[in-house]
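Subject: Structure handover

Hi,

Here is the structure I said I'd pass on.

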Amino acid sequence: MKRLRILCDVDGVLADFVGLVLDYVQKNTGLSYLPSAVDQWDCFACLGLKEHWPYFCTQVDELGLCRTMREIPGARSFYAELRRIAGESGAVRVCTTPMTTAWLSQRAEWLVAFGVPLHEQIQWCDKHELVPAYDVLIDDKAENCAAFVKAGGRAFCIATPYNTHLAELGYGNDVERGTHAECLEWLRGLA
Ligand SMILES: [Mg+2]
């Protein structure tokens, strides 16, 4: 069996960031949206609420909103299966980009509560710099997946309404895209 070293993103893969944004929007504007309304990476811009971004960041820091984020349904069993697939000779690490310095510590706490100890967490901005130390990236940002593949790694994009443009980036054939279950099937084929 191949030694598989897996990086797993958090927001949009394990944690419901869009849900956090929509909760904020409902509370601060009275407007309600379905998750499918967030069909671009810049979620506030695509809702026509770009001016809310700085206040959202302040609220996240001051109210500790990152710690309150809901888990995506099935996230714990998905992560447990990643560990099983990587096996004892491989490795799974979460790899997540901090939004603010306060976010960094809030995210670390969220992950510990989720079951990922601090030494299995990587908070990093340019994930493709971690090729070749890691073989696979699981992420919801199309650009992150494309950059990881360009650097020589393999990537799976967890499908959302805001990451349908892999083909436009030129990575429609090189980056897998689908559900969490399809991601696990793909990984089993690599292991
Ligand atoms: Mg993400």
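Let's begin with helix α4, where the buried residues are F78, Y79, L82 and A86. Looking down the axis of α4, you'll find these buried residues inside an arc of 95°, so they line one face of the helix. The face turned away from that buried side has the exposed residues S77 and A80. As for what covers the buried residues of α4, the list includes β1, β2 and α7 (180-190). The length of α4 works out too: its 12 residues (75-86) should span 16 Å at 1.5 Å a residue, and the end C-alpha atoms are 17 Å apart, which agrees. After α4 comes G87, with a positive phi near 70°.

Before going further, please keep in mind that this is a predicted model.

Helix α5 can be read in the same way. Which of its residues are buried? They are W103, Q106, R107, W110 and L111. These cover an arc of only 140° around the axis, which puts them on the same side of α5. Their packing partners are α3 (53-63), β2 (91-96) and β3 (121-123). Just past α5 sits G115, with a positive phi of about 115°.

Now for the domains. Where they meet, 15 residues of domain 1 are in contact with 13 residues of domain 2. On the side of domain 1 that touches domain 2, the residues divide into 7 nonpolar, 3 polar and 5 charged.

The largest nonpolar core is worth a look in your viewer. It has 50 residues, and those with the most contacts inside it are I6, C8, V136, I138, C145, A155 and C157. At least three residues of this core come from each of domain 1 and domain 2. If you pick C157 out of that set, leaving aside residues up to four places away in sequence, it touches D139, D140, A142, C145, N163, L166, V175, E176 and R177.

A15 lies in the loop between β1 (5-8) and α1. Is A15 buried or exposed? It counts as buried, with 23 C-beta neighbours inside 10 Å. Not counting residues up to four places away in sequence, A15 touches V10, M69, E71, I72 and W110; W110 is also one of the buried residues of α5. A15 and D139 are 124 residues apart in sequence, but their C-alpha atoms are 12 Å apart in space.

V18 is in helix α1 (residues 17-29). V18 is buried as well, because 22 other C-beta atoms lie within 10 Å and the cut-off is 20 or more. Setting aside neighbours within four places in sequence, V18 is in contact with P35, V38 and C43. From V18 to T29 there are 11 residues in sequence and 16 Å in space, C-alpha to C-alpha.

A159 sits in the loop between β5 (154-158) and β6 (176-178). With 17 C-beta neighbours inside 10 Å, A159 counts as partly exposed. Outside the four places on either side in sequence, A159 touches R177, G178 and T179. A159 and E176 are 17 residues apart along the chain, with 9.4 Å between their C-alpha atoms. E176 and R177 turn up among the contacts of C157 too.

One last thing to check if you set anything up from these coordinates: where is the cis peptide bond between V131 and P132? P132 lies in the loop between β3 and β4 (136-139), and omega for the cis bond is about 10°.

Cheers

Technical notes
Residues numbered from 1 in each chain as written. Predicted model: local features only at pLDDT ≥ 70, side-chain atom pairs only at ≥ 80, totals over all residues. Core = buried A, V, L, I, M, F, W, Y, C linked by C-beta atoms within 7 Å. Buried ≥ 20, exposed ≤ 12 C-beta atoms within 10 Å, placed from the backbone. Domains from an automatic or database assignment. Contact = placed C-beta atoms within 7 Å. Helix = DSSP H or I, 4+ residues; strand = E, 2+ residues; numbered from the N terminus. Arc of directions from axis to C-beta. Nonpolar A, V, L, I, M, F, W, Y, C, P; charged D, E, K, R; others polar. Expected span 1.5 Å × (residues − 1).
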